[in-house]
Amino acid sequence: MCTDFCIPQPSSIPRKKYPVIDYIYPGPQGGSVRNFSFTASRRDNQALAELGFIVVELEGTSNPLRSKRFHDMSYGNMADNTLPDQIAAIQQLAAVRTYMDTSRVGIWGHSGGGFATACAMFVYPDFFKVGISESGNHDNRNYEDDWGERYIGLETKNARGVSNYEAQANQVHAKNLKGKLMLAHGMMDDNVPPYNTLLVVEALEKANKDYDLVIFPNSRHGFGAYTNYMMRRRWDYFVQHLLGLTPPKEYLIKNGTDPRNVE
């Protein structure tokens with residue numbers, strides 16, 4: 001006899017389908033999951049799940065803690081961003097977990113995850129429908145040399161004068177956007193300069209594409225005092241564009257102690 005704690009088999013799960021949100025950090029020095037120790041909830045994934053989404057974190061080809069050959073996938077090919085692995089894994093999961101709606105897939109990430117999110121929306125626009133790209137290093141020619149050169153190598157140009165970094169820059173592919181994209185950046189970012197996001201903004205405008213932009217005038221790479229504001233905007237964006245619902249206007253997220261932890 002099954003107890004209350006039995007995990008329902010796919011055949012017994014209700015027919016209702018839920019949109020999918022893919023949290024991504026492509027590495028290659030880390031990955032989406034990073035810490036493999038047990039944690040009941042990472043970031044705001046639990047909150048997103050309670051809003052009605054299937055939330056996934058996937059380690060893709062090129063993430064560390066595997067063989068060197070596996071990790072070497074990143075070298076010279078940062079724009080891969082583990083995205084083929086993300087798509088394949090979501091499709092395979094949905095094949096046995098039929099409540100996952102692969103016609104409504106969102107993606108979000110910060111920093112390298114912001115780079116990967118915009119890339120996902122531009123290179124795989126028929127799969128990823130909603131993206132939130134935070135503080136992305138969209139063109140590694142405009143980021144730290146000890147990052148881009150470590151994995152891509154020194155910049156070279158072919159006979160036509162085209163840089164080996166060119167095809168790996170998100171603004172080059174921005175014209176392919178089909179879905180809903182929100183870009184966010186702190187204007188005092190001392191890690192990824194904010195003009196990385198402005199390169200994408202300019203390319204979207206040149207291509208006559210709609211997009212959303214959130215700017216934090218006095219925030220650095222993390223959004224500091226505005227973290228809750230960005231989290232609320234993230235929830236609202238996915239609720240509106242993946243669930244097709246109207247979120248509560250300007251819901252205020254307050255930090256506090258979980259009452260279950262109070263004696």
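Helices (H or I, at least four residues) and strands (E, at least two) are DSSP runs, and they are numbered from the N terminus. The structure described here is a predicted model, in which local features need pLDDT of at least 70 and side-chain atom pairs count only at pLDDT 80 or more, while totals for chains, interfaces and linings use all residues. Residues are numbered from 1 along each chain as its sequence is written, and side-chain values use heavy atoms, with hydrogens and water left out.

## The chain as a whole

The chain contains 7 helices and 6 strands, and when it is read along the sequence these elements follow the pattern β-α-β-α-α-β-α-β-α-β-α-β-α. Of the 263 residues in the chain, 46% are buried, where buried means under 20% relative accessible area, exposed means over 50%, and partly exposed lies in between (1.4 Å probe, protein chains only). A contact means heavy atoms within 4.5 Å; among contacts between residues at least 6 apart in sequence, 72% join residues at least 24 apart. The accessible surface of the chain comes to about 14400 Å², and 52% of this belongs to carbon and sulfur atoms; such areas come from the Shrake-Rupley method with a 1.4 Å probe, and for residues only the protein chains shown count as cover.

## Patches on the surface

Patches are made of residues with over 30% relative accessible area and no salt bridge, with like charges joined within 9 Å and nonpolar side chains (Val, Leu, Ile, Met, Phe, Trp, Tyr) joined within 5 Å. A salt bridge here is a side-chain nitrogen of Lys or Arg within 4 Å of a carboxyl oxygen of Asp or Glu. Lys and Arg count as positive and Asp and Glu as negative, whereas His and the chain ends are not counted; the place of a charge is taken as NZ of Lys, CZ of Arg, CG of Asp or CD of Glu.

A negative surface patch is formed by Glu-144, Asp-145, Asp-146, Glu-149 and Glu-155. One of these residues, Asp-146, lies in helix H5 (residues 145-151).

A nonpolar patch on the surface consists of Met-187, Tyr-195, Leu-198, Leu-213 and Ile-215, which together have about 400 Å² of accessible area. Helix H6 (195-206) and strand S6 (212-216) are the elements that give two or more residues to this nonpolar patch, and Leu-198 has its place in helix H6.

The table sets out the relative accessible area of several residues.

| Residue | Relative accessible area | Class |
|---|---|---|
| Asp-146 | 42% | partly exposed |
| Leu-198 | 38% | partly exposed |
| Ala-49 | 34% | partly exposed |
| Asn-81 | 5% | buried |
| Thr-82 | 1% | buried |
| His-138 | 0% | buried |

Asn-81 is located in the loop between helix H2 (68-71) and helix H3 (83-96), and Thr-82 is found in the loop between H2 and H3. Asn-81 has a positive phi of about 60° although it is not a glycine, and Thr-82, which is not a glycine either, also has a positive phi of about 60°.

His-138 sits in the loop between strand S4 (128-134) and H5. Leaving aside neighbours within four places in sequence, His-138 is in contact with a list of residues including Gly-114, Phe-115, Ser-133, Gln-168, Leu-183, Asn-196 and Val-200.
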